[in-house]
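Visitor: I have a model open and would like to learn how to read it. Please take me through it feature by feature.

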Amino acid sequence: MATIRTIALVTAAPLLLAVAGLAHPHGLSRSTAADWTDLHIALLPVFPLLTVGLLVPLWRRPRLDLAGVATVVAWVCAFGYAAFYTGLDAVAGIGAGTAVEHVAETAALGPVKRPLYDTGEALGQAGVYALIAAIVATAVALLPRHGVRILPGTVVLLVAGWFFVDSHIFWPRGVWTMLGFALGFALLAWGTAGRSTPSR
């Protein structure tokens, strides 16, 4: 039961984001601006929760060894993801949507959106690269204790992370990416459940 509860906890955010991706407008225009803004406001607290899937298996005081150092690195990188990806949502999501919604009817939208998109994309990519680094650091931290059982989840998470660099949650690629995160976190939770590999 504990493993099932843990899997439910770590998959909740990516599954919610996958569902949200089905409703995400495919483009930002005057007609979609309000929905674009509202969706990004609603999801603002959800994107950082992707890191729960890494933080749960690392939920112990780090020791003064390689695994402990990797744990701290994973925490720092997870924080970096949460901070920078929130910047993407704030700038390219809420900011761009609000600007387009209130721009003059005769104004061209490209010059309004493009600078916000460019800034948001840079922030988002920095956040995703930090998330990928957190995944690698998590694997380093967990491998001595749990052995090769953490490798399937790690591989799936790294693939999902690579696609996340430029997919956001747009259908179809972004939705599949979020489902990949859910699968990866579930496999990682399963791999860290039960008995640990004895320390040497």
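Predicted model: local features only at pLDDT ≥ 70, side-chain atom pairs only at ≥ 80, totals over all residues.

Visitor: How do I read a pocket, and what volume does the largest pocket have?

Guide: Rolling a probe the size of a water molecule over the atoms shows where empty space is left. On a 1 Å grid over the protein atoms alone, a pocket is an open set of points where a 1.4 Å probe fits, with protein on both sides within 12 Å along at least five of seven lines. Grid points are joined across faces, edges and corners, and the volume is the space filled by probe spheres set on the points. Here the largest pocket has a volume of about 410 Å³. Its lining has 23 residues, and Leu88, Ala92, Glu121, His168 and Phe170 are the closest to its centre. A lining residue has an atom within 4 Å of a point.

Visitor: Which elements give two or more residues to that lining?

Guide: They are α2 (33-43), α4 (66-102), α5 (110-146) and α6 (151-167). Helices are DSSP runs (H or I, at least four residues), numbered from the N terminus. The most comes from α5, with seven residues.

Visitor: What classes of residue make up the lining of the largest pocket?

Guide: There are 10 nonpolar, nine polar and four charged residues. Ala, Val, Leu, Ile, Met, Phe, Trp, Tyr, Cys and Pro count as nonpolar, Asp, Glu, Lys and Arg as charged, and the others, Gly among them, as polar.

Visitor: How many residues are in the largest nonpolar core?

Guide: A nonpolar core is a set of buried Ala, Val, Leu, Ile, Met, Phe, Trp, Tyr and Cys residues joined through side-chain atoms within 4.5 Å. Buried means under 20% relative accessible area (1.4 Å probe, protein chains only). The largest core has 49 residues, and Tyr81, Phe164 and Phe181 have the most contacts inside it. Helix α5 gives the most to this core, with 11 residues. Contact means heavy atoms within 4.5 Å.

Visitor: Is Thr11 buried or exposed?

Guide: Thr11 counts as buried because its relative accessible area is 9%. This residue lies in helix α1 (residues 2-23). A polar atom of its side chain lies 2.7 Å from the backbone oxygen of Ile7. Thr11 also touches Ala182 and Ala186, with residues up to four places away in sequence not counted.

Visitor: Where is Gly153, and what does Gly153 touch?

Guide: Gly153 lies in helix α6. At 0% relative accessibility, Gly153 is buried. Leaving out residues up to four places away in sequence, Gly153 touches Gly184, Leu187 and Leu188.

Visitor: Where is His168?

Guide: Look in the loop between α6 and α7. His168 has a positive phi of about 50°, although it is not a glycine. His168 is buried, at 9% relative accessibility.

Visitor: Which peptide bond is cis?

Guide: The bond from Trp171 to Pro172 is cis, with omega near 0°. Pro172 is found in the loop between α6 and α7.

Methods. Residues numbered from 1 in each chain as written. Heavy atoms only, no water. Buried < 20%, exposed > 50% of the residue type's maximum accessible area, 1.4 Å probe, protein only. Polar contact = N/O pair within 3.5 Å; in protein donor to acceptor, adjacent residues only side chain to side chain.
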